[in-house]
Amino acid sequence: MPVFDSTARKQAPAEPTFRTAPHNIEAEQALLGAILVNNEAFYRISDFLEPKHFFEPIHQRIFELASGLVRAGKLATPVTLKTFLPADFDIAGLSVNQYLARLAAEATTIINAEDYGRTVYDLSIRRDLIAIGEDMVNLAFDAPVDATPQAHIEDAERKLYELAETGRYETGFQRFAQALTTAVDMAARAYQRDGSLSGLASGLTDLDSRMGGLQPSDLVILAGRPGMGKTALATNIAYNVARAWSGEVRADGHMATVNGGIVGFFSLEMSAEQLATRIISEQTGIPSNKIRRGAIDEADFEKIKDVSIELQNLPFYVDETGGLSIGQLAARARRLKRQRGLDLLVIDYVQLLQGSGHRANENRVQEITEITTRLKALAKELNIPVLALSQLSRQVEQRDDKRPQLSDLRESGSIEQDADVVLFVFREEYYHQMRKPTESNREKFDEWQA
């Protein structure tokens, strides 16, 4: 057995290393100098850069003042700016006048302004990422008694999502030639697809002819009262899209969809087994209650077996987790897109989703507003159609004409604002059956029956 010498000198602990947050003072100075020399430089970075992105507080203030002056149609120069800054302010031994003059004197060309702006912006994003990481660590170490790890994960996801969505500098004007190329590519894909549609074919001919299929980046709301068949219609569309899927391996090795699509289905109300039973019932024509009770004969069983074999090979993915937050749903959709591919997302239904933590204490209308806004953002981000089911309010039942209207959308006017398409499901026979008179009143009964 080895013997340890207790008198052996312990190794001295390494000196702690202190790291400053990522920043580039020279890039900030060069950018501010370029703006002060030529105000046109401001317009090259104004669509993505804000004062908060600068590391040095005095640079934040200078950029804020210069922005205000330029946007007001005035000239932003060392002379005009100095009147808004305290005269006794000391910057590395320089007065405000001297520092502004130094910035202008050492300014580089306006051509590089956008590159310096991107450098400043990227470093700011890195600092924000560090702050989120520090918050995650501190929360994990000193978590309140009533806080769950899941809540911490959702909060971190929300912060990262907000950071990714705000102030991206890739957007802005593009050459019209680029838009033309995209339009021609879309037409070529439509020509190759079944039905010659620019979007995904839902399998419902009349619907596809009106919409041109389910379009990428569209938020499609499918709304109706309970019992109208929203879920049945959504599962039919999802099944038709998945059944028509075909793909090809591209030069870079990834599988690209040629026809149909890979479907992700968030079933917040029903279990995956119930959903599968519904689809089998719809495709075989055997009532689902007979399938659940086992009241089927041998011929029915053969039909169920054949449909089940076909369903096994479909690119159809179901998430049956109840009570999902919009942040969790978005994260899972992104993961599916990355790992398996994703061409259509179906959500059954919007009112069963939860908003982010900071909306939980506010009213439900604001929460639904946040949910629909983020669903539309998710459709654009993943470039896929999102089909979201929604309940209608009871206002429909109080009218003589039971046909739904946009104002019947439950809990938020934002649903109709954020949606690109709103579809209503309406079955007249449902209400007609409810108005059935007694057979003793022969005249009214005959009229009803006719």
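Across which strands does helix α10 (residues 230–243) lie, and at about what angle to β7 does it run? In the predicted model examined here, helix α10 lies across β1 (219–224), β4 (263–267), β5, β6 and β7, and its course makes about 170° with β7. Helix α14, formed by residues 326–339, also packs on the sheet, where it touches β4, β5 and β6, and its direction stands at about 155° to that of β4.

The sheet itself is open and consists of six strands, arranged in the order β5-β4-β6-β7-β1-β8 with parallel pairing. Its edges are formed by β5 (316–319) and β8 (421–424), each of which pairs on one side only. On average, and with direction ignored, neighbouring strands of this sheet are turned by 20° against each other. Within the sheet, strand β6 (residues 344–348) runs parallel to strand β7 (residues 386–391), the two being joined by three bridges, and Val346 is found opposite Leu387 of β7.

A further packing arrangement concerns two helices, α1 (residues 25–37) and α5 (residues 96–105), whose axes come within 7 Å and cross at roughly 90°. Because angles of 65 to 115 degrees count as roughly perpendicular, α1 and α5 are therefore described as roughly perpendicular to each other. On the side of α1 the contact is made by Gln29, Leu32, Gly33, Leu36 and Val37, while α5 contributes Tyr99, Leu100, Leu103 and Ala104. By residue class, the contact of α1 with α5 comprises seven nonpolar and two polar residues, with no charged residue taking part.

Note on methods
Residues numbered from 1 in each chain as written. Predicted model: local features only at pLDDT ≥ 70, side-chain atom pairs only at ≥ 80, totals over all residues. Heavy atoms only, no water. Axes fitted to C-alpha atoms, helices over the stretch in contact; angles between N-to-C directions. Helix = DSSP H or I, 4+ residues; strand = E, 2+ residues; numbered from the N terminus. Parallel < 35°, antiparallel > 145°, perpendicular 65-115°, else oblique. Contact = heavy atoms within 4.5 Å. Nonpolar A, V, L, I, M, F, W, Y, C, P; charged D, E, K, R; others polar. Pairing = 2+ DSSP bridges.
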